[in-house]
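Dear colleague,

Please find below the structure that I am handing over to you. My notes on what was found in it follow directly after.

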Amino acid sequence: MHTIYSNKQLLKLALLGMVIGMASITPGLSGGAIAISFGVYAKAIDAVVSMPRNFKNSIMYLLPLGMGALVGILLFGIIMKPLLSNFENSIIYLFIGMIIGSLPSFLKEANKDGFRFAFIIPLVVAFALGVVISTKVLSSSQLTELSAGNYIMSGAVLSVGLIVPGISSSFILINMGMYDKIINSITQFDIISLLWVALGFIATTILIIKAINVAFNKFSGYAHYASLGFLFASVITVFPTFEYTYTQILNIILLIIGIIFIYLFMKKYGDK
C-alpha cells in the first residue's frame with residue numbers, strides 16, 4: 001500500500017528540506033537537529049533504510065525533502081561566503097538564536113515517550129566528547145591541497161553532520177580549511193569536485209545510517225539527548241566573544257530574531 005501525498009504536503013516537505021539544507025552548510029547549525037525539530041528526521045531515516053523493500057513510498061517522501069535541501073544548499077551557498085566574510089559574528093548570533101528557538105520542538109520530540117533522568121548521561125558524555133572534538137579540530141592544521149581525497153573526506157563530514165544530529169559539519173569544514181572550497185565548488189558549479197564530495201557523502205551515509213536508524217528507533221530518548229549534547233558543545237565552541245559595542249546590540253537583536261523566527265516557523269510548519 002502506497003502513501004499518497006497531497007501537493008500541499010509535498011510543498012511542505014520541500015520547504016522543510018530547504019531549511020534543513022541551509023542549516024547543513026551554516027557554521028554551528030546542525031541539519032540533523034533541525035530535521036528532528038521539524039519531526040521529519042526519523043521518517044527520512046526510515047525511508048532510506050526501507051527503500052529496497054518499499055521503494056515508491058521512500059521516494060515519494062525523500063524526493064521533495066531532498067530537492068528542497070539541494071535548493072537550500074545552492075541558494076544559501078551563493079550568499080553565505082560574502083556574509084561570513086563581512087558579518088561573521090552577526091551571522092553566528094542569528095543562527096545560535098535559531099538553535100535556541102528550535103529547542104522546544106527538539107525536546108518535545110526527544111521526550112515523546114516520557115523523560116528519564118538517565119537521559120542526562122548521554123547528554124553529558126556527548127557534550128564532553130563534542131568539546132574535545134571541537135578543540136582538536138580548532139588546534140589542527142588546515143588542509144590546503146585540493147585533492148579528490150580531501151573532497152571525499154569533506155563529503156563524509158557533511159554526511160555525519162546531516163545524519164548525526166547536533167554535529168555541525170560546516171564548523172568542522174571551516175577548521176579543516178575546506179568550507180570555502182566547498183562553497184566555491186557550489187557557486188561555480190564545479191561538477192568534478194562536487195562528484196567527489198557526493199561520493200564521500202554517499203559512502204559514509206551507507207556505512208552509518210543503519211546504526212543511526214536502530215539508535216533512534218530502539219533508544220529514541222537516549223539518542224536525542226546525545227544529539228543535544230553535541231549541539232550544546234557546538235554552540236559553545238562557536239559562540240563569539242561578547243563586546244560592549246553598538247555592533248553587539250545588533251547581534252543581540254539578531255539572536256532574538258533568530259529565536260522568534262525559527263520558533264514560529266517550526267510551530268507552523270513542523271511535521272505533526
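A residue is called buried when its relative accessible area is under 20%, exposed when it is over 50%, and partly exposed in between (1.4 Å probe, protein chains only). By that definition, 47% of the 272 residues in the protein are buried.

Please note that this is a predicted model, in which local features need a pLDDT of at least 70, side-chain atom pairs count only at pLDDT 80 or more, and totals for chains, interfaces and linings use all residues. Residues are numbered from 1 along each chain as its sequence is written, and side-chain values use heavy atoms, with hydrogens and water left out.

The pLDDT, which is the predictor's confidence in each residue on a scale from 0 to 100, averages 80 over the protein, and 88% of the residues score at least 70. Among the elements, α9 has the highest mean pLDDT (87) and helix α7 (residues 169–176) the lowest (74).

The protein has 11 helices and zero strands; these are DSSP runs numbered from the N terminus (helices H or I, at least four residues; strands E, at least two).

Helix α10 (residues 220–238) has 19 residues and spans 27 Å from its first C-alpha to its last, close to the 27 Å expected at 1.5 Å a residue (the expected span is 1.5 Å times one less than the number of residues). Of the 19 residues of α10, 15 are buried. Ala223 is found in this helix and counts as buried, at 11% relative accessibility. Although 104 residues separate Ala223 from Phe119 in sequence, their C-alpha atoms are 8.6 Å apart in space.

Asn251 is found in helix α11 (residues 246–269). Asn251 is buried, with a relative accessible area of 3%. Which side chain does the side chain of Asn251 contact? Its partner in a polar contact is the side chain of Ser90, at 2.7 Å. A polar contact here is a pair of N or O atoms within 3.5 Å; within protein, one must be able to donate a hydrogen and the other to accept it, and residues adjacent in sequence count only if both atoms are side-chain atoms.

Finally, the lining of the largest pocket has 29 nonpolar, five polar and no charged residues. In this count, Ala, Val, Leu, Ile, Met, Phe, Trp, Tyr, Cys and Pro are nonpolar, Asp, Glu, Lys and Arg are charged, and the others, Gly among them, are polar. A pocket is an open set of points on a 1 Å grid over the protein atoms alone, where a 1.4 Å probe fits, with protein on both sides within 12 Å along at least five of seven lines; lining residues have an atom within 4 Å of a point. Helix α4 gives the largest share of this lining, 10 residues.

With kind regards
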